[in-house]
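Work through these exercises with the structure in view. Try each task before you read its solution.

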Amino acid sequence: MASMIVRNTSPLVRRVNAFCEARHSRIHGQGLFARRLIRKGTRIIEYVGERVSKSESNRRGLALYREARSTGGAAVYTFELNDKQDLDGNKPYNHARLANHSCDPNCEYVNENDRLFMFALRDIPKGEELTFDYGYDIAHFLDHPCRCGSEACVGFIVRRDQRLRLQKLLRRKSRTAEKKAEKEASGA
Ligand SMILES: C[S@@+](CC[C@H](N)C(=O)[O-])C[C@H]1O[C@@H](n2cnc3c(N)ncnc32)[C@H](O)[C@@H]1O
Ligand SMILES: [Zn+2]
């Protein structure tokens, strides 16, 4: 029996470049994944978009964050470029926008003359999701719960050098809540 030959154009997996493809992520929405073994130090992709002032970036960021709270969509696509400007990467041509955060990332961004490039921090096997540390400040941790699933995960997207502080803060909060519950249970 003759069979049809169908070219695989599944919209579920999209080739981005020689190193990565976009597809569903267990962390959030879409993610970027290695299409082949990527060696440590490889420059994988550039984060591109529109250069905007800090105030415009804050305005757009807040609007997207509010929308994300009701839709569950991505909350942040702005990337710090320098002291004066950010990159608004919320553009269909910016495939790099799909990389998710991990508390144990395999990639990092490097700013080279005001251009942002993602590099592999170690050898990354084919199929592994490409992640980096979003580097958010602890001040807004409650706004950004983390679902990276790594052993190092602290439950919120907070930059590495502030995670110990956050863990102490969370432990203090949970002890206070426990004491309050005990007090209420004992009728005191
Ligand atoms: C630059 S986008 C990443 C791509 C996104 N997954 C998508 O489908 O568009 C950033 C947003 O993805 C989500 N995200 C990224 N990493 C996450 C993580 N570790 N845990 C929970 N949500 C995450 C958050 O909504 C965040 O604001
Ligand atoms: Zn995490």
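**Exercise 1: the faces of a strand**

Take strand S11 (residues 129-132) and sort its residues by direction and burial.

Solution. Glu129 and Thr131 point one way. Leu130 and Phe132 point the other way. All are buried, which means 20 or more other C-beta atoms within 10 Å of a residue's own, with C-beta atoms placed from the backbone. In a regular strand, side chains alternate between the two faces of the sheet. Strands here are DSSP runs (E, at least two residues), helices likewise (H or I, at least four), numbered from the N terminus.

This is a predicted model: local features need pLDDT of at least 70, side-chain atom pairs count only at pLDDT 80 or more, and totals for chains, interfaces and linings use all residues. Residues are numbered from 1 along each chain as its sequence is written, while chains are lettered from A and ligands numbered from 1 in the order written.

**Exercise 2: the neighbours of S11**

Find the strands joined to S11 and their directions.

Solution. Start with S3 (residues 30-34): two bridges join S3 to S11, antiparallel. Leucine 32 has leucine 130 as its bridge partner. Next, S8 (residues 100-101) is joined to S11 by two bridges, running parallel. Histidine 101 has phenylalanine 132 as its partner.

**Exercise 3: the whole chain**

Count the helices and strands, then give the share of buried residues.

Solution. The chain has two helices and 11 strands. Their order is β-β-β-β-β-α-β-β-β-β-β-β-α from the N terminus. Of 188 residues, 23% are buried.

Technical notes. Buried ≥ 20, exposed ≤ 12 C-beta atoms within 10 Å, placed from the backbone. Pairing = 2+ DSSP bridges.
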